[in-house]
Amino acid sequence: MSQPNPEADDRREDGPADLLLVNGAVYTVDAARRWAQAVAVRAGRIVAVGSDDDVAALRGAASEVVDLAGRMVVPGFQDAHVHPVAAGVDLLRCSLYDVDGAEAYVAAVRAYADAHPDEAWILGGGWAMDAFAGGTPSARLLDEAVPDRPAFLPNRDGHSAWVNSAALRLAGVTRDTPDPDDGRIERTSDGEPQGTLHEGAQSLVQRLVPEPTAEQQLEGLLEGQRRLHALGITAWQDAIVDVDGEFGNLDAYLAAGADGTPTGGGVGAVWWDRPPGVGPVGDLVERRARGPAGRFRPTSVKIMQDGVCENFTAAVLEPYLDDQGRPTRGTGISFVDPEVLREAVRRLDALGFQVHFHALAERAVREALDAVEAARRANGASDGRHHLAHIQVVHPDDLPRFRELGAAANAQPLWAAHEAQMDELTIPFLGEPRWTWQYPFRSLVRHGAMLAMGSDWAVSSADPLEEIHVAVNRRMPEGYPYRVDTHEVFLPDERLDLATALAAFTIGSAYVNHLDAQTGSIEEGKLADLAVIDRNVFAAPPDEISAATVQLTYVEGERVYAAPDA
Ligand SMILES: [Zn+2]
């Protein structure tokens, strides 16, 4: 990880620092995981790391000096799988992310509709399944809030949408409408559409929803970025970048990147449209060629290989169980035929793309690893740094393959805990021993895998300290707005130590983003992407990690966030 620094010549070679962070607990995440007391920054780069005395000579009349008073400095967090533009667009609409419970959802939607009488649709979303019996809210309930216009509100994982009667009417969805191949219309006992649409059935209504305008996408990006900076995140990988539709955010990134401010992203994973067969890849090459813009590069390709466990669309090797514990016939969906996947990854790898897989259950994980193996065999070693996101269920036989193939594990650790969705909607249907193969982070590290982390925001909280909390404790943080019936540790052998989890969310994700030569650790010559945390999380008990908060965030030495009490 010590590529030469191509921009080193640009930096002012001497003179006083622009910024000095002193009297702190600086956790460098360098190879030796050293601690320091102070950091000096000049022209956007780190020019000294050491004790207060070591940096004193760099103090000039114009230097900004921040007395950390013992607070902790870490490299800026990097989120390796996040949807900040979609989240930002939703936050600017009818946002239910910070609302809790069915009644509160209805009240929030009504308040939004009343405040926006001119909007033709009520859009937004972010409700949690466990607020409703069976995870399926009804159109009738939503009609109480929005009787006059169509409403389309996806839940926080985006796999189901809540619609009202006006939306069902407009879309012509009736008791006679068949379920599409890739989804399901939730129905009442007498066969009427009930108001929740799952997976592909969402598009029955979604195809009528006006797409966000270019202006809304850019506003969404800036709002999403503002929220990420407030959590100490200084770069990320947008897990779906596209040119149109809900995720039509490529132009927004290019515009934000071109305007010269040192924010606006990291890497974009350009959506692979699942053509029949491998199909042409010219579109992907063309999209990549439109970057880089500022800190943004559309150099990754997103391939979604399966769905999620809760609705049995994640691809498993042995059938799911039914609610009596008997095997069903369902083994989920491989969205891409494995042979096509191998060929696609071989070609993308040869073209120098990174492949970012959505690979959630054990068959999808195996198919993705097989595809990377095929690329290695055909093309030899590459620096693609292909990575598998989600990795909820990994067959033990596949654990060593991550290292062997140089495929990174991209973990979303907030999901690795007992809560209602896990205990009621997942474990019983995976069965023994498969449910114990979930989120095997420690095992992956033990087998030498490169571990990156991300949030999948807005599916889950974007807060890295909450993610790291669960990675270390394998329990939800106290007071978390999920229904938690047991505080038992979830598969305790898979707990990570704090240093490993912090490394995953910094240098590990920087590796996946091909940014590790420039960022991901606090070392002389690297970009001054830094976060100041209100306490040293190593000094507190592990079950208090999530109580820590970010107070200052710097991107290339520029302050992009300051907490009110910083
Ligand atoms: Zn995602």
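**Loops, helix packing and backbone exceptions in a predicted model**

Colleague: Where does Gly266 lie in this predicted model?

Modeller: The model is predicted. Within it, Gly266 belongs to a loop, with strand S16 (267-271) on one side and H8 on the other. The place asked for is therefore the loop between H8 and strand S16.

Colleague: Is Gly266 buried or exposed?

Modeller: The cut-off for a buried residue is under 20% relative accessible area. Gly266 has a relative accessible area of 1%, so Gly266 is buried.

Colleague: Which residues is Gly266 in contact with, leaving aside its neighbours within four places in sequence?

Modeller: Pro292 is 26 residues from Gly266 in sequence, and the two C-alpha atoms are 9.6 Å apart in space. Contact requires heavy atoms within 4.5 Å. Leaving aside neighbours within four places in sequence, the residues in contact with Gly266 are Trp236, Arg295, Phe296, Arg297 and Leu515.

Colleague: Is helix H7 parallel or oblique to helix H8?

Modeller: The axes of helix H7 (residues 214-229) and helix H8 (residues 250-258) come within 8 Å and cross at roughly 60°. Angles under 35 degrees count as roughly parallel, and 65 to 115 as roughly perpendicular. The angle makes H7 oblique to H8.

Colleague: Is the crossing of H7 and H8 left-handed or right-handed, and how many nonpolar residues has the contact?

Modeller: The crossing of H7 and H8 is right-handed. On the H7 side, Gln217, Leu218 and Leu221 meet Ala252, Tyr253 and Ala256 of H8. By class, this contact has one polar residue and no charged residues, and its nonpolar residues number five.

Colleague: At what angle do H16 and helix H17 pack, and which term describes H16 relative to H17?

Modeller: The axes of H16 and helix H17 (residues 498-512) are 9 Å apart, and the helices pack at an angle of about 140°. That makes H16 oblique to H17. An angle counts as roughly antiparallel when over 145 degrees, so the term for H16 and H17, at about 140°, is oblique.

Colleague: Which residues make the contact of H16 with H17, and how many of them are charged?

Modeller: The crossing of H16 and H17 is right-handed. H16 contributes Pro464, Glu467, Ile468, Ala471 and Val472, while H17 contributes Leu498, Ala501, Leu502 and Phe505. By class, the contact has eight nonpolar residues and no polar ones, and the number of charged residues is one.

Colleague: What distance does helix H11 reach from its first C-alpha to its last?

Modeller: Helix H11 (residues 362-379) has 18 residues. At 1.5 Å a residue, 26 Å is expected. The model comes close to that value, and the distance reached by H11 is 25 Å.

Colleague: Which elements do the buried residues of H11 pack against?

Modeller: The buried residues of H11 include Ala364, Val365, Ala368, Leu369, Ala371 and Val372. Also among them are Glu362, Arg363, Glu367 and Arg376. The buried residues of H11 pack against helix H10 (338-350), strand S18 (354-359), strand S19 (387-390) and helix H12 (401-405).

Colleague: What are the phi and the relative accessibility of Asp456?

Modeller: Asp456 is found in the loop between S21 and H16. Although Asp456 is not a glycine, its phi is positive, at about 60°. Asp456 counts as buried, and its relative accessibility is 6%.

Key
Residues numbered from 1 in each chain as written. Predicted model: local features only at pLDDT ≥ 70, side-chain atom pairs only at ≥ 80, totals over all residues. Heavy atoms only, no water. Axes fitted to C-alpha atoms, helices over the stretch in contact; angles between N-to-C directions. Helix = DSSP H or I, 4+ residues; strand = E, 2+ residues; numbered from the N terminus. Left-handed = near helix turned anticlockwise from the far one by under 90°. Nonpolar A, V, L, I, M, F, W, Y, C, P; charged D, E, K, R; others polar. Expected span 1.5 Å × (residues − 1). Buried < 20%, exposed > 50% of the residue type's maximum accessible area, 1.4 Å probe, protein only.
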